[in-house]
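Reader: I've got the sequence and the picture open. Could you walk me through some of the labels?

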Amino acid sequence: MTNLLDIRHVSCDLGDSFALHDVNLAVAPGEIVGFVGANGAGKTTTIRVALGLQHIGAGEVELLGEPFGADVSDQVQRVVRSRIGVVLDTCPFPSELRICQVVTCLKPAFPQWDDSLFDGLIAQFAISPKTKVKELSRGMGMKLQIAVALSHGADLLLLDEATAGLDPLARDEILEMLQEFVGDGERGVLLSSHITSDLERAADRVVGIDAGRIIFDVPREAITDTAGIAHCAADQVAEILECVSDARAVKREFSCDVLVPNRFEFSQAFPEVACDRANVGDYLHFMLKGGR
C-alpha cells in the first residue's frame with residue numbers, strides 16, 4: 001500500500017545554524033504518527049519539507065503517491081495541497097476577518113469543501129461564525145484550524161502542536177476526532193506534539209528527531225507496553241549494559257536509571273532491580289540524554 005507521505009533520505013541546509021540530515025519519515029493510510037523532539041530539533045522544518053515549502057539538497061519526497069517538493073509546478077502544488085489538512089502552532093488567518101469571511105476566502109482552494117461539516121464542527125467547538133479571528137484565544141484558534149482541516153476532504157493531516165493551548169477535555173475531543181479520521185484505513189495523520197501523553201493515547205508509531213536527524217522510529221506500543229526504566233545502583237550499570245542490547249543509561253549522583261527495550265525480559269534477568277513502565281516522554285529523554 002502506498003504511503004500518504006514518504007520522505008526518503010532528505011537533507012537540506014538552513015544557513016549555518018541548522019540542517020536536516022538523511023531524514024526518513026513515512027505516514028501510511030490508517031496511521032497516526034507521533035513526531036517528537038526538543039524545540040529546534042527539526043519537526044517544523046520536516047513538515048515544511050513535506051508541504052513543498054522548503055527546498056531540499058538531497059533525497060526525495062512523495063505526497064499522496066506523487067513526487068512532490070518546492071520545485072513542482074504551481075498547478076501540482078495546488079492540487080496536492082487541497083488534499084492536505086494543516087494545523088500550525090499559531091492561527092494563520094488574518095486577524096480582522098470574521099470566521100464566515102475566512103471560509104469565503106478558503107473555499108475556492110478546496111474543491112471538496114463541506115459547509116455542513118464545517119458549520120457542525122465550529123458549533124461543536126462553540127465558535128460563532130461572526131467572531132473575528134483576533135478575538136479567539138490560542139486554544140480556540142487551534143480548534144478553528146482543526147475545523148478547517150477536517151472540512152475539505154483531506155487525505156492527510158499535518159498537525160504541528162495542534163493540541164497546544166487546549167485544556168485536557170478539549171485535547172481528548174480532538175484526539176478522538178483524529179482517531180475517527182483514520183478509522184476508515186485510508187487517511188493518515190502526522191502529529192507533532194510536545195504533549196507526549198497525547199501521543200501515548202492516539203499514535204500508532206512514534207518518530208523522534210534531534211538536531212535534524214531521526215533518532216528513533218518505533219511502534220508506540222514498543223514504548224508504552226514493552227519498554228521499561230530500571231532503577232539500579234551505580235555499580236550495576238556496566239553489567240546491565242553488557243547484558244541488555246540497546247539499553248541506554250542516565251547516571252544520577254548515587255544511582256543510575258536505564259532504559260531497557262523489554263522490561264519483562266529485564267525483570268527475569270535482573271529480578272532484584274526495580275523496573276517501571278516507560279512512557280513516550282521517558283523514551284525521548286533517554287534517547288537524547290542516555291548513553292551506553
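Author: Touching, or contact, means heavy atoms within 4.5 Å. A word on the source: this is a predicted model, where local features need pLDDT of at least 70 and side-chain atom pairs count only at pLDDT 80 or more, while totals for chains, interfaces and linings use all residues. Residues are numbered from 1 along each chain as its sequence is written, and side-chain values use heavy atoms, with hydrogens and water left out.

Reader: Why is Asp210 called partly exposed?

Author: Buried means under 20% relative accessible area, exposed over 50%, and partly exposed in between (1.4 Å probe, protein chains only). Asp210 has 31% relative accessibility, so it counts as partly exposed.

Reader: Where is Asp210 found?

Author: In strand β9 (residues 205-210). Helices (H or I, at least four residues) and strands (E, at least two) are DSSP runs, numbered from the N terminus.

Reader: What makes β3 and β9 a pair?

Author: Two strands pair if DSSP finds at least two bridges between them. Four bridges join β3 (residues 32-36) to β9, and the two run parallel, so they are a pair. In β9, Arg205 is the bridge partner of Val33.

Reader: What is the strand order in the open sheet?

Author: The six strands go β6-β7-β8-β3-β9-β10, with mixed pairing. β6 and β10 (213-219) are the edge strands, as each pairs on one side only.

Reader: Why is α5 called largely enclosed?

Author: Because 11 of its 13 residues are buried. Among them are Gly139, Met142 and Lys143. What covers the buried residues includes β6 (84-87), α3 (99-106) and α4 (115-124).

Reader: How do you know that Lys143 has no salt bridge?

Author: A salt bridge is a side-chain nitrogen of Lys or Arg within 4 Å of a carboxyl oxygen of Asp or Glu. For Lys143, the nearest side chain of opposite charge, Glu173, is 4.4 Å away. (Lys and Arg count as positive and Asp and Glu as negative; His and the chain ends are not counted.) That 4.4 Å is outside the 4 Å limit, so Lys143 has no salt bridge. Glu173 is still one of the contacts of Lys143.

Terms used
Lists of a residue's contacts leave out its neighbours within four places in sequence.
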